[in-house]
Amino acid sequence: MSMRITKDMTIGEALEVSTDIIPVLFEIGMHCIGCPASQGETLEEAAMVHGIDVDDLMEMINAAAEGNAQAAMI
């Protein structure tokens, strides 16, 4: 069972839940995976900085994390 990623998690925390979200972050221009800011910035804050709707971002992130988790379970 996978943990759901929430908008109040930092980018670093979200990556601890699932590294499968990296392509989603890159696709929308968040190349801050290794950036020190990613350890203290929430996904909601990052979405605001990048001009992205946080709800859309969370939908994409959780779809990637859950989809890959389900594929790994098969």
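Reply: Let us begin with glutamate 44, which is partly exposed at a relative accessible area of 31%; buried means under 20% relative accessible area, exposed over 50%, and partly exposed in between (1.4 Å probe, protein chains only). This is a predicted model, in which local features need pLDDT of at least 70 and side-chain atom pairs count only at pLDDT 80 or more, while totals for chains, interfaces and linings use all residues. Residues are numbered from 1 along each chain as its sequence is written, and side-chain values use heavy atoms, with hydrogens and water left out.

Me: With which residue does glutamate 44 form a salt bridge?

Reply: Side chains of opposite charge can pair when their charged atoms come close. A salt bridge here is a side-chain nitrogen of Lys or Arg within 4 Å of a carboxyl oxygen of Asp or Glu, and glutamate 44 meets lysine 7 in one, at 4.0 Å from N to O. Lysine 7 lies in the segment before helix 1 and glutamate 44 in helix 3, so the pair ties together parts 37 residues apart in sequence; helices are DSSP runs (H or I, at least four residues), numbered from the N terminus. Lysine 7 is also partly exposed, at 34% relative accessibility.

Me: How many salt bridges does the structure hold?

Reply: There are two, and one of them joins arginine 4 to glutamate 66, with the closest N and O atoms 2.4 Å apart.

Me: Is threonine 42 buried or exposed?

Reply: Threonine 42 is buried, with a relative accessible area of 15%, and its place is in the loop between helix 2 (22–27) and helix 3 (43–49).

Methods. Helices (H or I, at least four residues) and strands (E, at least two) are DSSP runs, numbered from the N terminus.
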